[in-house]
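Please keep the sequence and the model in view while reading.

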Amino acid sequence: MKLKQRVVLLAILLVIFIFTKVFLIDNLDTSAANREDQRAFQRMLSGLRVALDPRLEHTLQSPWEIAAQWVVPREVYPEDTPELGAVMHAMTTKKIVKADVGYKGTQLKALLILEGGQKVVFKPKRYARDYIVEGEPYAGYDRHNAEVAAFHLDRILGFRRAPLVVGRFVNLRTEIKPVATEQLLGTFMTVGNNTCFYGKCYYCRETEPACADGDVMEGSVTLWLPDVWPLQKHRHPWGRTYREGKLARWEYDESYCDAVKKTSPYDSGPRLLDIIDTAIFDYLIGNADRHHYESFQDDEGASMLILLDNAKSFGNPALDERSILAPLYQCCIIRVSTWNRLNYLKNGVLKSALKTAMSHDPISPVLSDPHLDALDQRLLSILATVKQCTDQFGPDVVLVEDRMTLSHL
C-alpha cells in the first residue's frame, strides 16, 4: 500500500475513532444523568413520609436556624432533609408571640411571629375540602390546604423551590387575640358562636370574614424566607390581563416565546426553564393566578423562580385550564430532569406519592379524592404536550440538559 493511501486510511480511522469516542462519552454522560435521576426519584419516595417530630440532630441550633441555612440561590431546602419534620413540628406547635395583619396583597392572611423570632404567614380555612370553586380558574378565596399540597408536590417534583408549609390549628381567643396588634384586633368579630376576623387586604371585607369553629381555626403556616435573602418581584411573561375582552400578547401571538427568548433574563441562564417548570407545577395544581413571581435580588437571572403563594389552586378538579401550560407548548422546551421525573410519576404514582407525603400533616386529609385523581389526569396531558413538541421538533431540541449545581455550605 502506497504511503499516501496509508495516510488517508489512518486519517479516516482517526476520524471514526474520534466520533465513536465522542458518541460513547455523550451516551455515557446521558445514561449517567438518567441513572442519577432515577436514584434521586427513589430517594424522594423513600423520604416522603415526614413525621412531625420535635427532635433535632443539631441540638445547638434552633429549627429556625437550620431552615435558614438550607436556603441557597437554587433551592429553599436540600434533597436530604432529615430535620424537615422537626422544623415543621416547630411551625405547627411553637407559641405565637405576636400576630399582625398580613403583608400587602389581595387575600386575607395574618403574619405571625413564633417563639424564637420566626415569621410565618397564616392563611385561614375558607372552604370545606369538597367545595368546588366555580367561575374563572383564578376565582374564589385563597385555599389554605392548597398551600400545603403545593409544598409537597414541590418536593415530589424535585424542584425544592417552595417555602415550607404545614397545617396548623390556632385558638383565636387564647393564642391570637392576646398578642394581636391593634390593627389586626380591630378586624375581629363574633358571628353566632364563632370567632372571626377579616384582616387587611385589597379584597378583605367586614362582610366576608374568615370564621373559626368556635374559637379554633384551621389554617396553613408558611415559613418566611430568611431576611438575608431579599426578594425581587417580576411580572410573569405569561401573566393574564384579568380584564374581560382584553387578551395578553401570549394569548394570540403564536411566536410569543421567540420574543421572550430575546428579553433578559430569559435570553440566557435558567430562568426560562424555571418558567416552564413552574407552568407544569401550576397546571398540575390548577393555579392560573401566577401574574408575578419572585426571585432573589441582584441575581442577574441565576437564582430560582421561587414558588410562593400557591393558594389559588385545587379549586375545581374538573377544570383543566390548558392555557397555564402556554410556556411549555409555545416554547417547546423542558429540562431532561423534569421530563424524567414526570415519566416516573405516571400510572398513579403521583397521586399515591402526594397522598403519602401529606398523610402526617395536622390538617390531613389535605385534599379530596377528586383533586388527587385530577393530578394524574393532568400529568398525562403534560406528557402528551411534550410528545407533540418532540414529534414536531425532535427530542434533541425539546429536551434540554440543565442541571444546576446546588451547594450547601
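## Salt bridges and domains

A search of the whole structure, which is a predicted model, finds 24 salt bridges. In general terms, side chains that carry opposite charges can pair when their charged atoms come close. One example is the salt bridge that Arg 43 forms with Glu 79, in which the closest N and O atoms are 3.0 Å apart. This pair links distant parts of the chain, for Arg 43 belongs to helix H1 (residues 3-46), while Glu 79 is placed in the loop between helix H2 (63-70) and helix H3 (84-93). The two residues are 36 residues apart.

The domain assignment of the chain gives two regions: domain 1 (64-223) and domain 2 (231-400). Their C-alpha centres lie 23 Å apart. How many residues does each domain bring to the contact? Domain 1 provides 47 residues and domain 2 provides 48 residues.

Between them, domain 1 and domain 2 bury about 3,700 Å². Of this area, 65% is on carbon and sulfur atoms. Which residues of domain 1 lose the most area to domain 2? They are Tyr 138, Ile 156 and Arg 161, which together make up 19% of what that side buries.

Four salt bridges are counted between domain 1 and domain 2. The side chains of Arg 74 and Asp 274 likewise meet in a salt bridge, with a distance of 2.9 Å from N to O.

Several elements supply the side of domain 1 that touches domain 2. Helix H4 (144-157), strand S4 (165-171) and strand S8 (216-223) each give at least two residues to that side. The largest share, 13 residues, comes from H4. Sorted by class, the side of domain 1 that touches domain 2 holds 24 nonpolar, nine polar and 14 charged residues.

## Disulfides

The search of the whole structure also finds four disulfides. The link of Cys 196 and Cys 211 is right-handed, with 105° about the S-S bond. Cys 196 lies in strand S6 (residues 194-197) and Cys 211 in strand S7 (residues 210-211), so this pair ties together parts that are 15 residues apart in sequence.

## Backbone features

Two cis peptide bonds are set out in the table below.

| Cis peptide bond | Omega | Location of the proline |
|---|---|---|
| Ser 264 and Pro 265 | about 5° | Pro 265: loop between helix H7 (256-261) and helix H8 (271-285) |
| Ser 364 and Pro 365 | about 5° | Pro 365: loop between helix H11 (349-358) and helix H12 (369-393) |

Phe 314 is located in the loop between strand S10 (292-296) and helix H9 (326-331).

Key: Residues numbered from 1 in each chain as written. Predicted model: local features only at pLDDT ≥ 70, side-chain atom pairs only at ≥ 80, totals over all residues. Heavy atoms only, no water. Domains from an automatic or database assignment. Contact = heavy atoms within 4.5 Å. Buried area = accessible area lost by both parts, 1.4 Å probe. Helix = DSSP H or I, 4+ residues; strand = E, 2+ residues; numbered from the N terminus. Nonpolar A, V, L, I, M, F, W, Y, C, P; charged D, E, K, R; others polar. Disulfide = S-S within 2.5 Å.
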